[in-house]
Amino acid sequence: MTFNKLKKIFFLSLLLMLTIGSQPLFSQSQNQNFPNGSTQGTTEMNPNVRGSGVPNVAIQITEPQSGREVAFSVRLLLLLTILTLAPSILILVTCFLRFSIVLDFIKRALSLQQVPPTSVLNGIAFFMTIFVMWPTFTRIYDNAYKPLSNNEITIEEAYHEAEAPLRMFMYGQMAGDTSYIKMFMSMAKLDKPNTLADVPTYILVPAYILHELTVAFKIGVILYIPFIIIDMVVASILMAMGMMMLPPVQISMPFKLILFVLVDGWGLLTQQLFNSVIR
């Protein structure tokens with residue numbers, strides 16, 4: 001192929017490309033949408049359509065203008081703090097502490113590791129606490145919450161009305177042993193109280209907590225004694241048989257479970273716990 005032929009082919013190709021580029025891809029005389037049946041689109045937004053509004057959040061910090069505003073802010077802060085600590089307060093000023101510790105003791109005395117789970121034991125202790133504390137909660141509702149919701153008393157009066165039944169319950173559990181109250185009163189350098197009204201709440205609550213821990217540990221030790229005897233008997237038998245490498249717990253645990261079920265251990269334990277609280 002000579003150079004003249006290549007030159008002619010190049011000019012013909014260039015002429016063909018210019019001719020095609022000068023023609024429109026679609027004829028403007030045709031008013032048809034592509035593909036067939038499609039609607040004619042537009043890039044303009046409908047002026048009647050409005051976007052969803054996002055509210056503005058503004059935080060304004062101002063200086064208090066009076067002592068009443070300062071007191072209100074402090075009260076609000078204290079209320080939020082009390083609501084945060086409410087679960088711990090309810091656990092410590094009710095009989096939940098005693099129930100949960102004793103149930104954990106019985107689980108360890110039976111040499112059980114996973115059954116029943118700790119959440120189940122806490123649930124049992126929780127509902128037992130509701131059953132025992134129901135009269136106290138009822139008095140709090142009738143004397144404090146209900147009048148407050150009806151705007152019959154103030155917040156301070158509602159606090160004192162709600163505090164009184166709990167104080168009576170805690171003091172009733174320590175009626176036979178007030179040594180912890182005397183200990184905290186002496187540590188706070190306060191005079192010897194003559195009545196319950198002379199004992200501040202910040203003294204009564206820690207004294208009640210220590211009392212509940214002491215009572216729960218006493219009950220736990222008593223529960224441990226029969227199961228320790230079973231462990232000692234099984235360990236002595238295994239040692240006499242020369243099976244010193246076998247853990248005694250694996251052999252004694254079925255016997256302890258059989259004994260606990262035969263004497264209706266859960267029923268007796270629950271009844272005695274109730275009797276220890278409700279005299």
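How much accessible surface does the chain have, and what share of it belongs to carbon and sulfur atoms? Hi everyone, let's start there. The accessible surface comes to about 21,200 Å², and 66% of that belongs to carbon and sulfur atoms. Please keep in mind that this is a predicted model.

Now, the overall build. The chain has nine helices and zero strands. Of its 279 residues, 25% count as buried. If you take the contacts with a separation of 6 or more, residues 24 or more positions apart account for 69% of them.

A word on confidence. The average pLDDT of the chain is 77, and 74% of the residues score at least 70. Among the elements, helix H3, residues 96-109, has the highest mean, 88, while helix H1, residues 3-22, has the lowest, 60. Over residues 21-31 the pLDDT is below 50, and beyond near neighbours in sequence this stretch has zero contacts in the model. Where pLDDT is low, the predicted coordinates should not be read in detail.

On to the charged pairs. The structure holds three salt bridges. One of them joins the side chains of Glu212 and Arg98, at 2.6 Å from N to O. Glu212 sits in helix H7 and Arg98 in helix H3, so this pair ties together parts that are 114 residues apart in sequence. Both partners are buried: Glu212 has 0% relative accessibility, and Arg98 has 1%.

Another salt bridge is between Asp231 and Lys256, with the closest N and O atoms 3.3 Å apart. This pair also links distant parts of the chain, with Asp231 in helix H7 and Lys256 in helix H8, residues 248-262. Here Asp231 is partly exposed at 24%, whereas Lys256 is buried at 0%.

Then there is Asp104 with Arg108, where the closest N and O atoms are 2.8 Å apart. These two are four residues apart in helix H3, so about one helical turn separates them. Asp104 is partly exposed at 27%, and Arg108 is exposed at 54%.

Let's move to Thr129, in helix H4, residues 118-149. Thr129 is buried, with a relative accessible area of 6%. A polar atom of its side chain lies 2.6 Å from the backbone oxygen of Ala125. Leaving aside neighbours within four places in sequence, Thr129 is in contact with Thr94, Cys95, Phe96 and Phe99.

Finally, back to the surface. Val221, Ile225, Ile229, Val233, Ile237, Met241 and Met243 form a nonpolar patch there, with about 640 Å² of accessible area together. Ile229 belongs to helix H7, residues 201-240, and is partly exposed at 47%.

Notes: Residues numbered from 1 in each chain as written. Predicted model: local features only at pLDDT ≥ 70, side-chain atom pairs only at ≥ 80, totals over all residues. Heavy atoms only, no water. Buried < 20%, exposed > 50% of the residue type's maximum accessible area, 1.4 Å probe, protein only. Polar contact = N/O pair within 3.5 Å; in protein donor to acceptor, adjacent residues only side chain to side chain. Contact = heavy atoms within 4.5 Å. Areas by Shrake-Rupley, 256 points an atom, 1.4 Å probe, with all protein chains shown as cover. Patch = residues over 30% accessible without salt bridge, like charges linked within 9 Å, V, L, I, M, F, W, Y side chains within 5 Å. Salt bridge = Lys/Arg side-chain N within 4 Å of Asp/Glu carboxyl O. pLDDT = per-residue confidence, 0-100.
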